[in-house]
Amino acid sequence: MSFESLGLCDELLTAVAARGYANPTPIQTQAIPVVFEGNDLLAGAQTGTGKTAAFALPIVQILSETVLPRKRRSPRALVLVPTRELAAQVSEQMQGYARRLSLRSTMIYGGVNIQAQIERLHRGVDIVVATPGRLLDHADRNTINLSKIEFLVLDEADRMLDLGFIDDIMHVVEYLPSQRQNLLFSATYSQSIKQLADELLDEPQQVEVARRNIAADAVTQTIYPVDRTRKREMLSHLIRKGDWNQVLVFARTRYGADKLTAELLFDGIKAAPIHSNKSQSIRTRTLAEFKRGELRVLVATDVAARGLDIERLPHVVNYDLPQVPEDYVHRIGRTGRAGEKGVAISLVCPAEQPLLFAIEKLLQYAIPQQTVAEFPQIAIKRGVKAKATKKSKGSSKPKKRPAKKKTPEKKSAKPVKTAAPAKTTNSRRGRGTPAPKTGRRGSRS
Ligand code: AMP
């Protein structure tokens with residue numbers, strides 16, 4: 001399958017070639033035709049699968065088919081993301097594609113001055129990539145008009161629910177027209193994601209590029225049992241001995257991230273923390289330094305790390321195991337991206353046994369364990385003995401249910417195995433309204 005056979009226009013073919021994408025990834029092969037067909041989409045895609053282009057490319061192409069006056073145009077596509085970092089990453093791609101087709105894309109997130117965003121919105125934009133809270137600020141102040149939205153994308157929807165954005169999402173939806181196309185991307189399928197999909201999507205096509213809740217296959221995972229008091233020493237040892245030059249380390253708390261950074265610096269290892277107590281400009285600068293190879297270690301909390309896209313990141317370390325097992329999957333998804341091999345290491349102390357049990361229950365296999373000769377052996381009890389069956393269950397509890405259903409006639413997702421959508425309905429027609437707006441999906445313009 002090539003990008004050309006997916007029906008992308010010449011400008012976007014040039015854009016993907018310029019990014020070095022030779023062929024579409026599986027999620028792109030499956031999702032792009034669904035979007036072109038005008039169907040709602042429920043996509044199960046791990047981090048690093050190329051999901052951004054899977055929605056950005058067809059949306060940009062479809063929007064470009066309708067020419068609007070240059071000035072003061074209202075956004076027609078809205079991408080909701082959980083964090084500023086993911087907003088920056090998605091927006092960078094979106095802008096790159098949009099520019100080639102004379103469309104404008106902008107990014108909206110909190111923690112920065114709102115005035116510059118208001119001015120950009122006032123000048124007119126076609127696509128908005130936003131975190132829910134700041135977007136609502138704009139909607140409530142009337143500095144954004146969401147009544148012309150044709151596409152709603154929920155990116156990393158599972159993460160948005162984890163971060164408690166459900167009410168904000170449902171509030172945003174109240175500003176949107178009911179006639180729109182909805183795309184929901186999630187790395188994991190919990191019960192709460194199913195409820196959200198049921199709430200927002202209209203007869204969605206379902207595509208999935210990885211087994212549910214299973215960590216990225218391209219990642220070699222290892223556990224190192226270690227006494228809590230010697231974790232930092234072991235980390236420095238592994239970094240030095242393995243000559244690791246670019247390591248993303250996860251700490252549980254912001255305080256922990258700062259403390260570990262100070263200790264690594266003391267050990268002569270260039271490190272910096274990235275978490276939500278840091279200003280956006282410092283976070284952006286730190287990430288840029290890490291990407292340029294000027295920092296050996298980036299110590300991150302889960303919230304800050306979400307959406308970090310660092311090409312060919314070779315090593316991820318769980319200095320602390322995550323409290324939520326799904327976060328383990330997200331964390332190690334930072335390595336082994338887009339066909340590259342990666343290494344994910346977890347330093348596990350006895351007190352973290354229950355967290356390890358929960359992770360292995362989710363993965364349904366035991367993560368291989370190793371010891372480091374220079375450190376005393378520590379016994380860690382294991383919950384799962386061997387690779388288990390394919391059966392998988394979402395483990396997150398449903399979050400608070402939204403107050404009301406917007407469109408009561410919604411139906412459940414129908415799984416599709418291949419790229420070819422099985423039905424011809426066009427959800428952009430609106431709920432129960434006839435006459436598609438455009439019959440040009442997938443056409444080369
Ligand atoms: P995403 O899952 O959208 O965050 O993308 C993960 C990484 O894969 C990013 O570095 C993308 O630039 C890269 N990527 C996306 N699509 C392709 C493709 N078709 N071929 C190679 N790399 C890709």
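User: Which residue stands opposite A344 in β13?

Analyst: Q221 does. This is a predicted model, in which local features need pLDDT of at least 70 and side-chain atom pairs count only at pLDDT 80 or more, whereas totals for chains, interfaces and linings use all residues. Residues are numbered from 1 along each chain as its sequence is written. Strands are DSSP runs of E with at least two residues, helices are runs of H or I with at least four, and both are numbered from the N terminus. Two strands pair if DSSP finds at least two bridges between them.

User: In what sense do β8 and β13 pair, and over how many bridges?

Analyst: β8 (residues 219-225) pairs with β13 in the parallel sense, over seven bridges. Strand β12 (residues 315-318) also runs parallel to β13, joined by four bridges, and here V317 stands opposite I345.

User: Is β13 mostly covered or exposed?

Analyst: A residue is buried if 20 or more other C-beta atoms, placed from the backbone, lie within 10 Å of its own, exposed if 12 or fewer, and partly exposed in between. Six of the seven residues of β13 (residues 342-348) are buried, and the strand is mostly covered.

User: How many residues of α3 are buried?

Analyst: In α3, 13 of the 14 residues are buried, so the helix is largely enclosed by the rest of the structure. The expected span of a helix is 1.5 Å times one less than its number of residues; for α3 (residues 51-64) that should be 20 Å, which agrees with end C-alpha atoms 20 Å apart.
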